[in-house]
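User: I'd like to learn how to read a few features of a protein model. Could you walk me through them?

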Amino acid sequence: MQKQDKHMIGDRLAADTELVRLHLEKLASQPCEVLSDAVVRDYKLRILDALNHCDAKLVAHYYTDPLLQDLAEESGGYVGDSLEMARFGRDCDASTLVVGGVRFMGESAKILSPDKRVIMPTLDATCSLDIACPIDEFSKFCDAHPDRTVVVYANTSAAVKARADWVVTSSIALDIVEHLMERGEKILWAPDRHLGNYIRETTGADMLLWDSACIVHEEFKARGLRDMRALYPDAAILAHPESPSEVLAIADVVGSTTQIINASQSLPQRQFIVATDRGIFHKLQQLSPDKEFIIAPTAGNDATCRSCASCPWMGMNTLPSLLEALDSLAASGTGKPATLLANEILVDSDTAGKAMLPLQRMLDFAADNQLKVRGKA
Ligand code: SF4
């Protein structure tokens, strides 16, 4: 990396850290509402009715509230990782997609399904990786390295995707980078430095990395994990590659959310220590009720506990915000032109057209190649 690149990244990182901090402070000031069982039941009935009435499908990420995940499945929608969510949204025949997740997931759904309406419980649900990769600075970074193939993680804005040659999710990143390496291509990677570093070390690819991180996975601590392994010597450690390299070095399996779920079912162990957002425990426990799942430690030296293994933006997808979004949808009418909703995802056609190309490349690659669990198990 050139000296001036290092300076650029250093200055930018300080600004991005501030942006993420401001977002987190805003979230911390919002009250947290605990709903009684009766109220939850009422919300669920009204949401199921509204989804049906509005010809809408709920597509939820594994990190969202278990209540949303259950609702998605009960209503014929979908629960999955970001790649699976995008594919389901594109292929289902509903006229509206309700995306339970974070904003980049809503944008990907809209790009892949331009004729469908895409709404979210709240557009404030974002991601530290998205925030920390603003398009203007990212474009300058790409312009400074025209000899490199630009590969971006799905956790980026539509504008950043539009600047990329490839979009990847964590479930397919290694396969695509290996494919590019075989073609002799050098890579510019953004935005997650831990995932980028993991891919670089695993594949040996020539990768220049953008420097930002997921506030959830960055908090997992290697020393605490070693202590936990001593307490549970028979447990397998499953880690998401957005975690720091010292954590990944101890893990038995490193993989995306779907790959972690698959490993929990196929490995012989009965206990698992899991380094990813605790929202995934709902699906893990549902699929393997007789196994024990333990969250990897986030406490210890340098711990800030900004997330404690729970993404604050995923947490904004609540039953009240979901029902409110559906009520506005019902009130807006389904005829054309429909009223633009406050929580509707829009991506301008130029950006969407450009972002579609690297997204479609990933989907075509996935269709032609079988994904596999990566790790030491
Ligand atoms: S868990 Fe991390 S990567 Fe996922 S949405 Fe939250 S901040 Fe972004």
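User: Is the crossing of α2 and α3 left-handed or right-handed?

Analyst: A crossing is left-handed if the near helix is turned anticlockwise from the far one by less than a right angle, and right-handed if clockwise. Here, α2 and α3 cross in the right-handed sense. Before going on: this is a predicted model, where local features need pLDDT of at least 70 and side-chain atom pairs count only at pLDDT 80 or more, while totals for chains, interfaces and linings use all residues. Residues are numbered from 1 along each chain as its sequence is written.

User: At what angle do α2 and α3 pack, and how far apart are their axes?

Analyst: Two packed helices are described by the angle between their axes and the distance between the axes. The axes are lines fitted to C-alpha atoms, for helices over the stretch in contact, and angles run from 0 to 180 degrees between N-to-C directions. Helices (H or I, at least four residues) and strands (E, at least two) are DSSP runs, numbered from the N terminus. For α2 (residues 37-53) and α3 (residues 66-74), the angle is about 35° and the axes are 11 Å apart.

User: Which residues make that contact?

Analyst: Two residues are in contact if their C-beta atoms, placed from the backbone, lie within 7 Å. α2 brings Val40, Lys44, Ile47 and Leu48, and α3 brings Leu67, Leu71 and Glu74.

User: In what order do the strands of the open sheet run?

Analyst: Two strands pair if DSSP finds at least two bridges between them. The 4 strands of this open sheet are ordered β6-β5-β7-β8, with parallel pairing. β6 (166-168) and β8 (207-209) are the edges with a single partner strand each, so one side of each has no neighbour in the sheet. On average, neighbouring strands are turned by 25° against each other, direction ignored.

User: How many bridges join β7 and β8?

Analyst: β7 (residues 187-190) pairs with β8 over 3 bridges, in the parallel sense. Leu188 sits opposite Leu208 in β8.

User: Is Met105 buried or exposed?

Analyst: Count C-beta atoms, placed from the backbone: a residue is buried if 20 or more others lie within 10 Å of its own, exposed if 12 or fewer, and partly exposed in between. Met105, in helix α5 (residues 103-112), has 27 C-beta neighbours inside 10 Å, so Met105 counts as buried. Leaving aside neighbours within four places in sequence, Met105 touches His61, Ser82, Met85 and Val99.

User: What percentage of the chain's residues count as buried?

Analyst: Of its 377 residues, 47% count as buried.
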